[in-house]
Amino acid sequence: MVRPAGLPSTFKDLLFDLLEVSPVEGLMQDYELSLQHVLWRIEHLHQKKEVVTKLDHGVHRMTNAEMVPRINRLAGALKRLGIKPGDRVATLAFNNHRHLELYYAVPCMGAVLHTLNLRLFPQHLEFIINDAEDKVLFVDQALIPLLKPLIGKIPSVKQLVLMTDTPAASHSEDGLGDMLDYETLLAAESDGYPWPKLSERMAAAMCYTSGTTGNPKGVVYSHRSQFLHTMGVLQGDSLGITEKDTVLPIVPMFHANSWGLPYACGMAGSKVLLPDRFMGDAKSVVELAEQEGATILAGVPTIWINTVAYLKETGKRLPKVHTVICGGSAVPRALMEGMDAVGLRILHAWGMTETSPLGSVARPRSDTRPGDELKARLTQGVVNSGVEIRISDPATGEELPWDGVAFGEIQVRGPWIARGYHNGYDPGKLTEDGWFRTGDVAKITPEGYIEIVDRTKDVIKSGGEWISSVELENAVMSHPKIMEAAVIGLAHPKWDERPVAYAVPKPEFKGKVTQEEVIEFLKDKVAKWWLPDEVRFIDEVPKTSVGKFDKKVLRASAEPIHAGVKEEAKN
Ligand code: AMP
């Protein structure tokens, strides 16, 4: 037995002797927890496992044995482009094999993978790229139009790299300057890269999360957090992914690292199916799952609403799928039952970008009475091992009992929970004793099931993605005929929630402004899927005692969303 190495043998030894205690250090290796370990596993254990990406016609198929040299080449190319440890490398890409290669090459060479949300409005993309100071940006050919509004506005980006199967000689006509071609870059490098020794505390990846007010905030994952999250996700009572599985993540690779599934699959050795731009297309997703033998699917509720409809309509079934991981929004009962009816079992999970994202999973515990199974599956589940949870009274900060009645803000702590944001935004997210305030309000039952009842914020969640009600209100209120506007999210059978604007016309325009006019006005101000489903004209927005819009009152009296809004508007 040895004394802890960090302790001087003088005063502390004396103190321990006096107290008759003798703390000793374990004799295990100081092995740095890093994503290089996941890369090591796919290279040494899972060479034959495939990564299959859906293409316009057919699929792109590659084994890990083929992918690993490409990952090495990619790291070589990044180094040649001047990328150093700590530099941010951005991706604007669908779920596809090149994106997966970046998932490994960037963090394993010591740089930071910054996945950009391709559904964001240009101002947000511009803010995020500048805030992260991305050096190189990898973009899928189909997503180039998203970059055009950013020309001249993202000075940190020194190089754009185009990801395509059919490289064009020049892209200067796009106005985006000289773009390098991904495949040409890889072709110039060698199959081996001298991976550097990494510290587990180094940043590995970052993802931005958008809240109610202000700009999106950067969540920065470390190698250690990613490693431990991956191990956490793989546990039997968590997502329970194994080497025998074939996993189809329909959750975007820009959304909280696709819920950590790419690394979980790498660690476990599962076959990976990637839907590329066919993410929202139930037919393509079902065909890919069927043809490639998917056993686990993952995505937000909206995806499954489409899938159930498609399966019912066609009579097709996916008998090999044993689990459909579903989170990002609460799973409606009708969806859970609808999925059960077509043989797809939803595993409900809760988390957020700041929790890497997995926080809890709803697997009914062994003591669940047979009739209570569905009820347990509809909760947000039990906190994952590795994470601690408590609920706290938002007014007093007092910790509340787990009695299934009291509800308060969920606070969590653990090795894959954020302790702050990039550039120090929003320092108040951590309590004084170091727990992360999630902004979700929940009850916890005595058995530990979490039941989310509300959010502390007013953000609207549509199809698994946030819409800032405040931003939308500001846009509506910039209409010359509108005086005041408040936006709330109302339940929608397909998108979970959709925004509805309540607008007060200026007195001179009362009765002289139409819904169509307002929506048309918003079209160049917010993303298409942010456009309110309805604009309802009222005489006054209800206010709280301090003069803020009282959305609770609006919500309480709101009529449900009317039918007849074109669905494609939100895609
Ligand atoms: P994001 O960071 O975009 O993934 O959003 C995280 C937020 O989505 C959480 O704070 C919750 O408000 C919500 N959320 C995620 N999963 C669930 C779930 N299973 N049930 C209810 N809300 C959820």
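1. Helix H8 (residues 223-234) packs with H10 at an angle of about 70°, the two axes lying 9 Å apart. H8 is therefore roughly perpendicular to H10 (65 to 115 degrees; under 35 counts as roughly parallel, over 145 as roughly antiparallel, the rest as oblique). Axes are lines fitted to C-alpha atoms, for helices over the stretch in contact, and angles run from 0 to 180 degrees between N-to-C directions. Helices (H or I, at least four residues) and strands (E, at least two) are DSSP runs, numbered from the N terminus.

2. This is a predicted model, in which local features need pLDDT of at least 70 and side-chain atom pairs count only at pLDDT 80 or more, while totals for chains, interfaces and linings use all residues. Residues are numbered from 1 along each chain as its sequence is written, and side-chain values use heavy atoms, with hydrogens and water left out.

3. On the H8 side, the contact with H10 (heavy atoms within 4.5 Å) is made by Gln 226, Phe 227, Thr 230, Met 231, Val 233 and Leu 234; H10 contributes Tyr 263, Ala 264, Met 267 and Ala 268. These residues divide into eight nonpolar, two polar and no charged (nonpolar: Ala, Val, Leu, Ile, Met, Phe, Trp, Tyr, Cys and Pro; charged: Asp, Glu, Lys and Arg; polar: the others, Gly among them).

4. Helix H4 (residues 97-108) also packs with H10 (residues 261-268), at about 80° and with axes 10 Å apart. H4 is thus roughly perpendicular to H10. Leu 100, Tyr 103, Tyr 104 and Pro 107 of H4 meet Pro 262, Tyr 263 and Gly 266 of H10. Here the division is six nonpolar, one polar and no charged.

5. In helix H13 (residues 333-341), Leu 335, Met 336, Gly 338 and Met 339 are buried (under 20% relative accessible area; exposed is over 50%, partly exposed in between, with a 1.4 Å probe and protein chains only). They lie on the same side of H13 because their arc around the axis is only 165°, taken from the directions from the helix axis to the C-beta atoms. Ala 334 and Ala 341, on the other side, are exposed. The buried residues pack against helix H12 (301-314), strand E13 (323-326), strand E14 (346-351) and helix H14 (373-378).

6. Thr 246 lies in strand E10 (residues 246-249) and counts as buried, at 8% relative accessibility.

7. The protein averages a pLDDT of 90, and 92% of the residues score at least 70 (pLDDT is the predictor's confidence in each residue, from 0 to 100). Over residues 564-571 the pLDDT is below 50.
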